[in-house]
Amino acid sequence: EKTRTYLKSNLHTQCESGVDSSNVPKHIAVIMDGNRRYGRSKYGSATKGHWDGSKTLVDFSKWCLAEGVQVVTVYAFSTENWNRSAKEVSALMSIFCKYCDELRMEATENG
């Protein structure tokens with residue numbers, strides 16, 4: 001529920017770039033990288049870094065919507081990630097499920 005509340009908030013929903021809408025790309029792809037290193041460095045926990053990265057992805061998605069980007073593709077899990085500990089892979093899958101469900105519901109509501 002906290003995620004849905006954040007998704008519905010007005011935070012990061014204003015067009016800020018000043019880029020003419022005709023010059024805004026219709027599709028942007030992003031590769032998520034470094035969340036584990038960040039989490040270990042800041043918190044001593046890779047999982048907390050993954051959660052922070054997910055929140056940043058939500059912000060990024062909201063910025064894209066505000067700017068008029070129609071499609072965002074996210075590469076968030078490489079085949080190499082399967083070699084991580086079962087605990088970390090499980091945490092990543094939990095994060096994916098939570099955010100994918102929330103983003104899907106929000107996108108459906110907003111057309």
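1. Helix α4 covers residues 86-109, which makes 24 residues. From its first C-alpha to its last the helix reaches 34 Å, close to the 34 Å expected at 1.5 Å a residue. The buried residues in α4 are Glu-88, Val-89, Ala-91, Leu-92, Ile-95, Tyr-99, Glu-102 and Glu-106. An α-helix has 3.6 residues a turn, so residues three or four places apart point the same way.

2. The model is predicted, and its confidence should be kept in view when reading the remaining points. The mean pLDDT of the protein chain is 86, with 86% of the residues reaching 70 or more. Helix α1 (residues 2-8) has the lowest confidence, a mean of 61. Strand β1 (residues 27-31) has the highest, at 96.

3. On overall architecture, the protein chain holds 4 helices and 2 strands. Read from the N terminus, the elements follow the order α-β-α-α-β-α. Of the contacts between residues at least 6 apart in sequence, 73% join residues at least 24 apart. The protein chain has 111 residues, of which 29% count as buried.

4. Helix α3 runs over residues 46-67. Its 22 residues should span 32 Å at 1.5 Å a residue, and the end C-alpha atoms lie 31 Å apart, which agrees. The buried residues of α3 are Ala-46, Gly-49, His-50, Gly-53, Ser-54, Leu-57, Val-58, Asp-59, Ser-61, Lys-62, Cys-64 and Glu-67. After α3 comes Gly-68, with a positive phi near 95 degrees.

5. Ser-54 ties several parts of the chain together in the contact list. This residue of α3 has a relative accessibility of 9% and therefore counts as buried, the limit being 20%. Neighbours within four places in sequence aside, Ser-54 is in contact with Met-32, Ile-95 and Tyr-99. Ile-95 and Tyr-99 are among the buried residues of α4. Asn-35 is 19 residues from Ser-54 in sequence, and their C-alpha atoms are 9.0 Å apart in space.

6. Asn-81 sits in the loop between β2 (71-75) and α4. Is Asn-81 buried or exposed? It counts as buried, because its relative accessibility is 10%. Apart from neighbours within four places in sequence, Asn-81 is in contact with Ala-76 and Val-89. Val-89 is itself one of the buried residues of α4.

7. The aromatic pairs number 4. In one of them, Tyr-38 and Tyr-43, the ring centres are 6.2 Å apart and the planes stand at 90 degrees, so the pair is edge-to-face. Tyr-38 is partly exposed at 35% relative accessibility, and Tyr-43 is partly exposed as well, with a relative accessible area of 36%.

8. Phe-77 and Trp-82 form another edge-to-face pair, because their planes meet at 75 degrees, with the ring centres 4.9 Å apart. Phe-77 is buried, with a relative accessible area of 18%, whereas Trp-82 counts as exposed at 53% relative accessibility. Ring pairs join Phe-77, Trp-82 and Phe-96 in a cluster.

9. The last point concerns the cysteines. How many disulfides does a search of the whole structure find? The search finds 0. Cys-97 is in no disulfide, and the nearest cysteine sulfur, that of Cys-100, is 7.1 Å away. A disulfide would need the two sulfur atoms within 2.5 Å. Cys-97 is partly exposed, with a relative accessible area of 48%. Cys-64, by contrast, is buried, with a relative accessible area of 5%, and is listed among the buried residues of α3.

Key: Residues are numbered from 1 along each chain as its sequence is written. This is a predicted model: local features need pLDDT of at least 70, side-chain atom pairs count only at pLDDT 80 or more; totals for chains, interfaces and linings use all residues. Side-chain values use heavy atoms; hydrogens and water are left out. The expected span of a helix is 1.5 Å times one less than its number of residues. Buried means under 20% relative accessible area, exposed over 50%, partly exposed in between (1.4 Å probe, protein chains only). Contact means heavy atoms within 4.5 Å. Rings of Phe, Tyr and Trp (its six-membered ring) pair if their centres lie within 6.5 Å; planes under 30 degrees apart count as stacked, over 60 as edge-to-face and the rest as tilted. pLDDT is the predictor's confidence in each residue, from 0 to 100.
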